[in-house]
Amino acid sequence: MSEIGEAIAKAGLSALLLLAAGVLPPLAAGTVLQLVTGRFRRRAAEVFGARFCIWSTAPGVMLHEFSHALLCVVFRHRITDFALFSPQKNGNLGWVAHKWNPRSLWQNIGCFFIGVAPIAFGVAAIVFLTLLLLPAESLPFPPLPGSGLEAFRFQFRTTFLALCRFWIEPDLLLRWRSWLWLYAVFAIGSQITLSRADLAGAGSGIAVLGTVLVLLAVSVAALLPPGITLPPAAIRCSAALCGLLFYLLLLFGLLTLILELCLAGHSPGKRRR
């Protein structure tokens, strides 16, 4: 019995490590990025006007709504209303209304993924465009030194610094592909935000998803060979995503700061009596 208990304890610890390293860092980075991009959009609308911001980020809006709709189909939700891009006076730029069966495990799990789909699809689109438009060195995947936290830090640092090369190498700024990539990052990245409806939908399925993830992680951890607590692929993907998200966080944070300074410089000062 003691051996069985020890095996269960090891599997449980490995499962927690798997979830902590593979899921929590990108989720935390994505949450902070949502707050920053939301503020960026508000300040950009004040500086350049709402109409400019709406139409310049239209590709990001369409990807946002398309991601909701596609996962509605995957998780068998019934779409009752859909607009890929349709600016309204109340501020809505697009929407996906859907219904599901609360007694279906698959459809309940889908609520979470449908809600957070814009973040996943937005990041995936930026990764794809980075590989397509920028040199291969912009998103490197070198051999990992060691494992665990050391490997995570190495891949995170490598990804982040490779993307930062964009601003210190003049050759990159002279290529039309680089400027197209910048526009895509602006249009898509500024729409990596979740509305209140998105968050409410994701929240309704997070409990069911959490239970399934824990059971899955325990199962995976129990099947791992002795001495291995976390697959290198999980470390690499999680660290690379965090490096990309941290880069986007700093980029939109800097742009927001510039817009804040512009607004502060043009705000009327108080007259002394």
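User: Quick one to start. Is Phe40 buried or exposed?
Analyst: Phe40 is buried. Its relative accessible area is 5%, and buried means under 20%. Keep in mind that this is a predicted model.

User: How many aromatic pairs does the structure hold?
Analyst: The structure holds eleven aromatic pairs. One of them is formed by Phe40 and Phe186.

User: What is the geometry of the pair that Phe40 and Phe186 form?
Analyst: The pair is edge-to-face. The rings are 5.8 Å apart, centre to centre, with 85 degrees between the planes.

User: Which helices do Phe40 and Phe186 lie in?
Analyst: Phe40 lies in helix α2 and Phe186 in helix α8, so the pair ties together parts that are 146 residues apart in sequence.

User: And Phe186, buried or partly exposed?
Analyst: Phe186 is partly exposed, because its relative accessible area is 22% and the buried class stops under 20%.

User: What about Phe160 and Tyr247, what kind of aromatic pair do they form?
Analyst: That pair is edge-to-face as well. The centres are 6.5 Å apart and the planes stand at 65 degrees. Phe160 sits in helix α6 and Tyr247 in helix α10. The two residues are 87 residues apart, so the pair links distant parts of the chain. Both Phe160 and Tyr247 are buried.

User: New topic. How many residues does the largest nonpolar core have?
Analyst: That core has 35 residues. Those with the most contacts inside it include Ile126, Trp181, Ile188 and Tyr247.

User: Which helices each supply at least two residues of this core?
Analyst: They are α2 (24–48), α5 (105–133), α6 (149–164), α8 (176–189) and α10 (232–266).

User: What other core lies apart from it?
Analyst: Another core, of eight residues, lies apart from the largest one. Among its residues are Leu71, Ile109, Ile114 and Ala117.

User: Why would nonpolar side chains be buried together?
Analyst: As a general point, nonpolar side chains tend to be buried together in soluble globular proteins.

User: Back to Ile188. What is it in contact with?
Analyst: Ile188 is in contact with Gly60, Leu63, Gly122, Ala125, Ile126 and Leu129. That leaves aside its neighbours within four places in sequence.

User: How many residues does α8 have, and how far does it reach?
Analyst: Helix α8 has 14 residues. From its first C-alpha to its last it reaches 19 Å, close to the 20 Å expected at 1.5 Å a residue.

User: Which residues of α8 are buried?
Analyst: The buried residues of α8 are Ser178, Trp181, Leu182, Ala184, Val185, Ala187, Ile188 and Gly189.

User: Where is Thr159, and is it buried or exposed?
Analyst: Thr159 is in helix α6. Thr159 is buried, with a relative accessible area of 0%.

User: Which residue has its backbone oxygen 2.9 Å from a polar atom of the Thr159 side chain?
Analyst: The backbone oxygen at that distance belongs to Gln155. Thr159 also touches Leu139, Pro140, Ala240, Gly243 and Leu244, not counting residues up to four places away in sequence.

User: How many disulfides are there?
Analyst: The count comes to zero disulfides. Take Cys111: the nearest cysteine sulfur is that of Cys72, 8.9 Å away. A disulfide needs the sulfur atoms within 2.5 Å, so Cys111 is in no disulfide.

User: Are Cys111 and Cys164 buried or partly exposed?
Analyst: Cys111 counts as buried, at 2% relative accessibility. Cys164 counts as partly exposed, at 24%.

User: Last stop, the loops. Where is Arg76 found?
Analyst: Arg76 is found in the loop between α4 and β1 (78–83). At 63% relative accessibility, Arg76 counts as exposed. Its phi is near 60 degrees, a positive value in a residue other than glycine.

User: And where is Ser195?
Analyst: Ser195 is in the loop between α8 and α9 (196–223). Ser195 is partly exposed, with a relative accessible area of 35%. The C-alpha atoms of Ser195 and Asn92 are separated by 9.9 Å, though the two are 103 residues apart along the chain.

Note on methods
Residues numbered from 1 in each chain as written. Predicted model: local features only at pLDDT ≥ 70, side-chain atom pairs only at ≥ 80, totals over all residues. Heavy atoms only, no water. Core = buried A, V, L, I, M, F, W, Y, C linked by side-chain atoms within 4.5 Å. Buried < 20%, exposed > 50% of the residue type's maximum accessible area, 1.4 Å probe, protein only. Helix = DSSP H or I, 4+ residues; strand = E, 2+ residues; numbered from the N terminus. Contact = heavy atoms within 4.5 Å. Phe/Tyr/Trp six-rings, centres within 6.5 Å; stacked < 30°, edge-to-face > 60°. Polar contact = N/O pair within 3.5 Å; in protein donor to acceptor, adjacent residues only side chain to side chain. Expected span 1.5 Å × (residues − 1).
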